[in-house]
Every structure is written in structure tokens, then in C-alpha cells.
Amino acid sequence: MHGNIKQISQDLLPGLLDYMAKGLKDDTDEGVLNELAFHKRSIIKHPCLFVEDSNSAKAAGSVQTLQAIKDWAQSKALHLDVVLTGGLGYLSGQPVIGIQLPGRNRLFFGPVQDYQVSHLMEAVMKHFVPEENLLGQWDVGGQIEWEGVPYLHDHPFFAGQERRVLRLNGIIDPCDVMDYIAWGGYNAFVKSIRFYTHEEIVQLVEASSVRGRSGSGYPAADKWQKVISTTARKRYVICNADESDPGAYMHRVLLEGNPHVAIEGLMLAAYAIGASEGIIYTRSRYSNVVDRLECAVDQVRELGLIGQDILGSGFSFDIKIRKGPGAYVCGEETALIASLEGKRGMPRPKPPYPAKSGLFGMPTLVHNVETLSQIPLIVDKGPQWYKSVGTEESSGTKLFSLAGRFNKHGVVEVPFGYILKDLTDLNAQGVKNCKKAKAILAGGPSGKFISSKNFDIALDFEDFEKSNLILGSGSLVLLDESSCSVNLISHLMKFIQKESCGKCIPCREGTRRMAEILDKVIRRPERDKEHDTLHRFKGVTQLNDLARVIGETSLCGLGKGAANPLLSALEHFREEFEEHLFNRVCPAGVCQDLRSFVIDAEICNGCYVCFSKCPEQAIIGSPRQVHAIIPDRCTGCGKCHEVCKFNAVFIQ
Amino acid sequence: MQIEIEVNGQILKTRKGDILLSVLNQNGIRVPTLCSMEGFPPTGACRLCIVEVEGMADLVPACSYPVEEWMKVNTHSARVIQARRTIVELLISNHPDECLYCFQNKHCELQKLATELNVMERKGRTRQFTRKIDRSSPSIIHDASKCVLCGRCIRICDHQRVSALEFISRGTEMRVGTVGDKGLSSSDCISCGQCIRVCPTGSLQEKGHLDELISHLHQKQQQVIALVDPAVMVSIGDELGFRSGKDVSGLLFSALRKIGFDQVHSGSESVDITMFQAARLWKHTATKGPGPSLISFCPSWMQYIENLRPDLMSCVLPVLSPAQTFGRLIKDINTNSYIVYFSPCVGSKMESQKAEHQKEGIPYLNSVMSTRELIQLIQLFGIDFDRINNEVPDSLLNSVPMSRLLSSLSGGYMEGLMKAISVVDPDNYSLDGNKAKFRGPKSCKKNIMLHYTIEQKWTACSTLDEGINLIDQSMQSKYPELFEIMACPGGCINGGGQPGNKSDKVNKPRIKEIYDQDSELSGQISQLYAEVSKVSKKLPVLELKAKED
């Protein structure tokens, strides 16, 4: 179970390594096969339950669900095996549970709250599959399928996805390396170290034309070649797991469900470029991720896949896990390196690039979790297979995280070139509360808006470049008609301003200036002064120039991209800005200072609730009499709107 | 590899890999910058040195970009100037409007930039941060509200191996501060004042005593006595309209008397006195066996030992610094005197405030003023240097001074000590046998001296970083070693209280003047020693106290 490193007996290890290097052969040790089958759960004696145990699932109630399952099993005196897994990536279905009865395919349900457990369990135990909360059945391999039960990959959220990196998420126990190995994990590494030279790995990566997933899409092999071309005595490889774009959670989901895929990628990259030390830089607040990475690295070390003279090959490599303090700018590679060196996390000018002079002045390869996770697939299945999906210039798949007003949230893995409209309409099942979509912010706080007219864009580097958009790390935040773009921009600008390291002037002072100008647009001044309107207009006229200069002159990507959402919003939502600016009204009714509420006299029955809840005493009325709001006192907090059970309070 | 690049339509010859900014500067194209420092790696913080390079989407910072052959650079295109102006406007938007009352008025780099870029209106006023002015240090005032966060002070402080200053917080809350933001006095600051010299604005400044001095000059209740440090004499010429490096000591003495000082002394004399003090103790350092001994005349270096290396205290020659020696000698003769020490050093301000350098709560040196303050004083009293004549200083000794101005350079004390020893200990040491000299532009000068049959290594070093490394190495040395460490690069000539920037252009003539003035005196040294012996009998020894945390 969780946290315990399951020891594989020393007798089995040589056989296991042989199997990993050569694949299944006639002479494969039977003990190994049994071990693998056990970890694949293709042969089970007792019903097996898979409960999602990630931070987001815990928030959705997985702990209570797990307890309910245990209680239920105890009350029935049933022997149940419980496996704690990571998430499938389907956040709207949390907490997800998987039920596998001996000899049958695995069934996934979600969301399953604690009160639903006994009903569900009893039904499944009687071989009856309730349709409520059913996600689908999943083919374990060689098991009897449930008749009439749809497959998981046909579920709207999963349909159309090409789950390669995520294929084992929610399936395996992230804290058991044997689970990963049972499904073919570390095969690529053992194969490489036994049969491939460094150059061959680089060639494979080059042939796959895999591009960095961190935003700019720099070809990974080029970066590798740069590191290899140096003559340093020590090289480093760093896995950037400090994902912190608002609305991005792909790496967290990936690492919580399957830390090994990134670790294997790190090991392969290290082998290819001849690095002796690998560092995974994550942040201390991602406690689940940190635990699982630590546990995984320990287990890999115990198997002898990292350490001195790995498998007798002469190649030595070890992995350290470093917990960052949680600064957005530390996702920038030079700032990340400074942070690892024990310095203040501030970017430095490039060139020299980290590939030439990185950590402690040594050549350093920095990739993010997703990029590294591609490497085992490429090495294992070959570049041709890898390139079989995706587009000409963007091969393979890409993770996207859906946030904002989507109907369904989660992490999806789709091939490059997937149409955005399909993603929003089919996978995410449209907009929440059947509202109209306005735009999608792609690429986090340095990203740009894709307006709803352009939703037929393909999700790949080429199309995004053509449309002057930024793919970024892959976060997609949907805005609908009830979201205010000006408010969002102001919020993002404040985020950038707070997270700016403060080193270079344009980013530090410029983002502050922009944040203050935007703040004036969405707020009313506390005291009305004569010049306020003048200052507001004066500020807005500067916005464009300011944004341009900040983008052109900033030191790192944080500053360079700081003005992107603003410029793109000015392009798409000019009317909204003008409404805020000239009429001092927020059309979406989001900006607190620029909205006011009215009570519909025909609906109001004088229930008195809004009267008692109003923090400003802005509502007059007595019981069973129609209430009214005094506009001068109303601060637009929206409390009355929230509490009215009869929908009598409207935004004016 | 020699390559050619095009800058503003003009072809420049350069080497591949050179930094663009230095190439531009060498060819007479000036690009503004707030954060770059000669001899330090670029940080790329201010973004004012941006230039337009054809084919690149963003503007490129010249300070950190290596030259490549395909480059076509435009250093002053409309786009570049607009960007620079915007950056300066952003800086000014929350800068306090205190130029008139600012210590750096007319010397401020931000002010200069704003004028150059024709910034004539404030485009917007962002929220100003009211930062508490840190007056806790006896020598340095830190006003964070005037800071432009260029990071120069932090870099120089790290370079000095003190690291008292550091960036605190991030984003718009970022500021320069000390450990725990508790103020300079509780930090490891050694008051070398190098941060003041690199600060582009008036954020870091020395603690001034001008008003206090003026009232003393006017009241005439006490005898006001001036002591002028040798380094000051060659450094004030520039500001008063003389050629750079001219020794104006004669005029200066005259001017100070006109201002109202009752006595004016040259610092060379007190240097000589301390030199003989040290020479008497020197024999011990050579015979004590392997290991370092340290000369103690730099107050900041002594503070460094107290703050950061108390383990070295036992190695220090217990001789007071020249100025403190002078203070004690004068106060012995004339208790009712007010001594003003004009010093190139900010560390002396700190030193004079220490309890061990006070008598009944009053410092031996009542006031320590920097070269900058001296210039202010001269201007305040309206002394016209063209219309006054050279005068000689008052004297404690009836003899020609030995070390003259040499003590203001790194290695100067070593040379002085050499001369002094040849008189104090003529049996064991002769000047002729040791022709080794401690001169030249190197930051570290090493020589092996002969004493009996024992060899002693002498090292004069003017960077703390290098000096401390050498001292640490000397712990394992088989020689006895003697170190003269100065906290400021090059010696007192680059002290924290000196005017102007620290460029070679300013310093070269000064250094030349100092070396030129030094002459060979052979017979007179023994006469000087006899004089010194008369006055220095009662002098106490230096005591060091480790800093309590």
C-alpha cells in the first residue's frame, strides 16, 4: 500500500531486467511473469478498488469515499484490495473510483461521494452496473468485458483523446514502481543502457522532431546537441516541475498519477547527454507530488536503475528532488537555476544559455515534465510511431488543462492539430449553465485570447504562430458572457506584478503602472477628486505604448509576455473596455464597483433575507413589504443577489 | 577572431564574443546604463542599454550581448529612445521629488538620464512607498525610497565579501535591505562606503557633520584643529578646477586656516608616527614562527575582522590607526580642542564613534568628514583657490615627513614600514638588502623580506576577497607572513568618501602624483625617528572586540 516500497526479491531482479531489455521471450522467468501479472492486476483473487488519491480528489471528498468503502467492506466482512491511484485527469468526475471484480474488466465511476458508496458497491457486487455516475469500463487485458457497458475511451471527456503520456494515470499505484514496470515502464531505459549508444538516443529524439512543451516549442534535440557540443567535465539535467500558471495543472495531475514517466524521461535524457546528476525542481506546496516523486526516486534507486555504474554499463547518474519556495518566476530556466544554486530566484540575461553555462556554470539541459515524459515513448516505440499523430511540425500529443467556465474540467491529452472547437464542445461538453462562450485565454498570464469566432483553430504550434497566438504551457481558460475580460486582465496584471522578481525596471515598474491603470478602470476612487477622470483617461492612452515597451525590453519571458493578455483583450474586447471607461459600467456585472443591483418589485415577497444580510444597510423594507436598494449606499458586493431565493435581485 | 559589425551605419572592427556595450564605448558611442559596473559580470537589470539589432524582434541589452558578425546595430533609433524614455519615466513615476535636498543633486545618474532623454513631464504617479530611512549606522545613511534597485551596492558588497546588503521581497515590494531588514548597524556592514560610490542616486549616502562643524567654527569656544589625510590632498583638485591629481595640499592648508581652523595638520605625520610604532613591534611578527600577522590601519578592515573573522584578532599588530593616534596626541596636549579629520574614508566615521576611541563619551576625533564634505565646506566659505598662496601645515614633529602621500595607496604602509624598520632595527634589517617595492596597479603585491636568516612574506592587498583567501592560505604557510589589507580597491585613494566615480581616468593621475612626490630620504629618517620617539611614548595599544550577535 501507500508509501511502502515493495521489495522485489533479488532472485527475480536479473530476470526482470532481461524482460525489460528484451521484452517477453519464451525463456522469461515465470516468477517474473507472475509478478508482472499481479501488478497489472490481470489476475486478482479479490475484488479490487481503485480510489483516486490526489489533492484535487481529496478536495472533492475522496477521503470520505475511501472511508465509506472500507466501512462497507467491513460491514459485509468482504475482503477488498484497495489501491490508491492518481487521477484520470477528469476533474469534474472526482472522486473517481475504479472497481475490478476477479475476471472482469475494470469499471470506473465518478463522482462517487461517500453516501453513494454502499448502493454502488452492492450493485456491482451483484454484477449489475448502475448507469448513474458511470464513466465506463476499462480493458485490463484478457478479462471478460461487461456487456452493454460503454468503454471509458468512449466517454465524451475521453473520446478523441490520444492518451500516451497519461495512459497509466489513474490505472497504476504511483507509489509502486512495479506497477509502472508491469505496463512496460523503464523498458526504454533498460533497453537503451544495454543496447543503445548515447548518439542513438539523440538520433531517435531528433527523428521524432519532438518540441519543448513549455511554450516556445524549441526542438528538444537541438537543445541536447548544444549540451553535447560542450566540453565540460560535468553536465546536469533538470526537470522543471514548478508549474504555476494560473489555470494550468497538467504536470501536477501527471506527476500525482504517474511520476515514473517523467523520471524515466529524465534518466534517458541524462544518458543521452552524459549528465551525471538530475534534479527535479518542484515546489514544496505540491506535497502530493513531492511525496510521490521522492518515493518513486527511492524505488528506482533500489532497483539499481540510478546510482553508480548503472546495470554495469559504466554510466552513473542520480536524481535529486528540490523543493522551490513557490515563486512564479522560478519557472523561468535561469531563475530556476539561480534558485537551485541557493541564490535569489532571479533570471539572468541570455546568452549564455543554460545549455552552454547553466547550473554552477556547467552545461545544463532544462526540460519541463511534459517534454521529458515524451522521451520514453519515443525510445520505446520509435520515432515513426511517435510521429503517427500530430502535425507536420508538431509531432505527438499535448496535454491541455481546462479551466474557467467549461462544463467539464480536467486534463486532456490530444494529438497536436486537434480542433479547439472539438475540445470545448465535445470533451469539455460546452459551457457551464449553457451560457455563450466569449473567448479562451490560452497560455496563462502571458497568453492571448482566442475569441469564440476562432474556435475552429487547430491546437498546434504552426496554427498558433500563424494566428499570432501563444500555446504556452497548455492552459485553456474559458470566458463566457458572464465573465468580464477587463476584470480578468486586471487580475492577471496584479498576479504578474506580484510575481515579478523585481530585477528589471520595465517588468517591475511597468507592470505596476499597468496594474494601477487597469485598477482605475475597474474601480471607483474612494474619494471623488476632480482629476480622477483625467488620470484614468491619461493612463489608458499610455497603455498601448507601455505594453509595447515592456514586451520589447524586459529581461525574461515573464515581463516580455506580461502585456500579451492586455493587448489581445484590447483587440478583442474593445467595447467592453470602452463601457468600463466611458460609461463606468461593467457589462458582465463582475466588477464590483461598476455594478449596482435592483429588486424586482413584482417578484419580491418581502422575505427580509436580503435586508438582514446587506453589509452596508443599503436595503430598505419591512417584512412582507417590497424591498428596495438605495443606490448610493450599495457597494455592489452582490450579497443580496446571492441570498435571494426568488431571483428578485438583478444586476442593473 | 576579428570581425566587423555595423553600428549606426558605421563599420566597427571588433573581436567575436566581445560584449556589445564595451565595443560601443570603445568606439565613442555612449549608451546609457544604470546597472553596469566595470569589472563585474552584467546583470541586465536596468534595460537602458538596449539597442536595436536588425533581424531581432525585441530590443537587445548591449551590456550582456556578445557581438556576432551579422549584426547591424542602431543605438539611438526612435524606437530605442522611446523605450529608454519610457523606462526612465517609469522609474521617476515613484521617485521622491527631493532633488533639491538630495545629497546627490547634480551628481545623480537618474537626474542626468532624465535630462538627456528629455523627460519633461511626469506621465503618471504610481503609488509611492514610504520607506523608513535607515540611520542606524554611524557612517552610512540608507534611504530606500530613492533606490532604483540597480543592484550595484549589493554586487559591490558581495565583492567585498561582506554581503550586508541584499534584495528583500519581490515584485513591486522589492527593496534593498540588510539581514532581517533590521538596519545597517545590526548587519555585517564594515562601513567601507563602496556602496555609496556606486549608487547612481542618493539612496546611499554618508552621515554628514557639516552643520555641527560650522557651528563649532563660529563659536570659537574650542580650538578647532584639522587633520587632512594624504589621499584627500590629491583628490580635491578636480572639483576645484585644477588638473586631475594635482597635489593642492599647500593651498588647502591655507584655505582651512582662512575658514577658521586654528591648527591644520597633515596626515603624513601621524602616518609616520604609527609606522614607527609598528616597526617596533615588527620584530615579533618575523620571529614568532609561521602564520599571518596583520597591519591594522584600515578601519573597515578592522571592522571586518571584528564582524566576520574574530579568529584573526590575535594576528593583528596592536597599533592604532594614524588618525586615532593623532587624536590622542592632540587631546593629551590640548584637552579643550575640537578635532576634525578630513578623510577619504567612511570607515573612519564609524571608527571614531566606537567606545574605545572615546574619552568620557567624547570621541578623540570629534568629527570625521569625507572629501566630499570638505569640498562642500570650501565652497560654503567661498574660498577661491586661485587667489590664495601655499602654506605649510602645523607640525607635531620637527622633521621632514617620511611617507608623504604614499599611505593612500595599497602597499604604501608596507613601504613606510620598510623604511621605519631600517632605522628602528638597523642591525637586522637594511633597506638596501630589500629593494622590493610595493608599487604598481596590481591589487595584490607580494614580496619576500629577509630578517636574520628567517624569511618573511609581505603581502599588500587591496581587495578583501583576495586578501582573506591569502590569509587563509598563510595559515598553512611555512613562512611568517605580514599582510597589509585595505578594504577599498587600490587603497584609500578609492575610499568610500571620495568624490567622483572610480574610473581609471580619474585615478591614474592621482596615483602618478603620489608616486612622483615620494622621494628618497636616507639620513633624515633617523632624525624623524628620534622626534617620533619623543611624542609617542604614552600611546596606548589597539584593542579589538568581537561583535556580539
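Visitor: Which residues of helix 18 of chain A meet helix 2 of chain B?

Guide: Helices are DSSP runs of H or I with at least four residues, strands are runs of E with at least two, and both are numbered from the N terminus. Two residues are in contact if their C-beta atoms, placed from the backbone, lie within 7 Å. Here A:Ile505, A:Pro506, A:Glu509, A:Gly510 and A:Arg513 of helix 18 of chain A meet B:Ile87, B:Leu90 and B:Leu91 of helix 2 of chain B. By class, this contact of the two helices has five nonpolar, one polar and two charged residues, where Ala, Val, Leu, Ile, Met, Phe, Trp, Tyr, Cys and Pro count as nonpolar, Asp, Glu, Lys and Arg as charged, and the others, Gly among them, as polar. This is a predicted model, in which local features need pLDDT of at least 70 and side-chain atom pairs count only at pLDDT 80 or more, while totals for chains, interfaces and linings use all residues. Residues are numbered from 1 along each chain as its sequence is written, and chains are lettered from A and ligands numbered from 1 in the order in which they are written.

Visitor: At what angle do helix 18 of chain A and helix 2 of chain B pack?

Guide: Two packed helices are described by the angle between their axes and the distance between the axes. Helix 18 (residues 505-522) of chain A and helix 2 of chain B pack at about 65°, with their axes 9 Å apart; the axes are lines fitted to C-alpha atoms, for helices over the stretch in contact, and angles run from 0 to 180 degrees between N-to-C directions.

Visitor: How many residues of chain B are in contact with chain A?

Guide: In this model, 28 residues of chain B are in contact with 31 residues of chain A. Helix 2 (residues 78-92) of chain B gives the most to the side of chain B that touches chain A, with five residues, and that side divides into 14 nonpolar, nine polar and five charged residues.

Visitor: Which strands of chain A stand at the edges of the five-stranded open sheet?

Guide: Two strands pair if DSSP finds at least two bridges between them. The open sheet has the order 11-10-16-13-14 (chain A), with mixed pairing. Strand 11 (410-415) and strand 14 (448-451) of chain A stand at its edges, each with a single partner strand, so one side of each is left without a neighbour in the sheet. The twist averages 30° from one strand to the next. Strand 10 (residues 397-404) of chain A pairs with strand 11 of chain A in the antiparallel sense over six bridges, and A:Phe400 has A:Val412 in strand 11 of chain A as its bridge partner.

Visitor: Is strand 7 of chain A mostly covered or mostly uncovered?

Guide: A residue is buried if 20 or more other C-beta atoms lie within 10 Å of its own, exposed if 12 or fewer, and partly exposed in between. Strand 7 (residues 277-283) of chain A is mostly covered, with six of its seven residues buried. Five bridges join strand 7 of chain A to strand 6 (residues 236-240) of chain A, and the two run parallel; seven bridges join strand 7 of chain A to strand 8 (residues 318-324) of chain A, again in parallel. A:Tyr236 has A:Glu277 as its bridge partner, and A:Tyr281 has A:Arg322.
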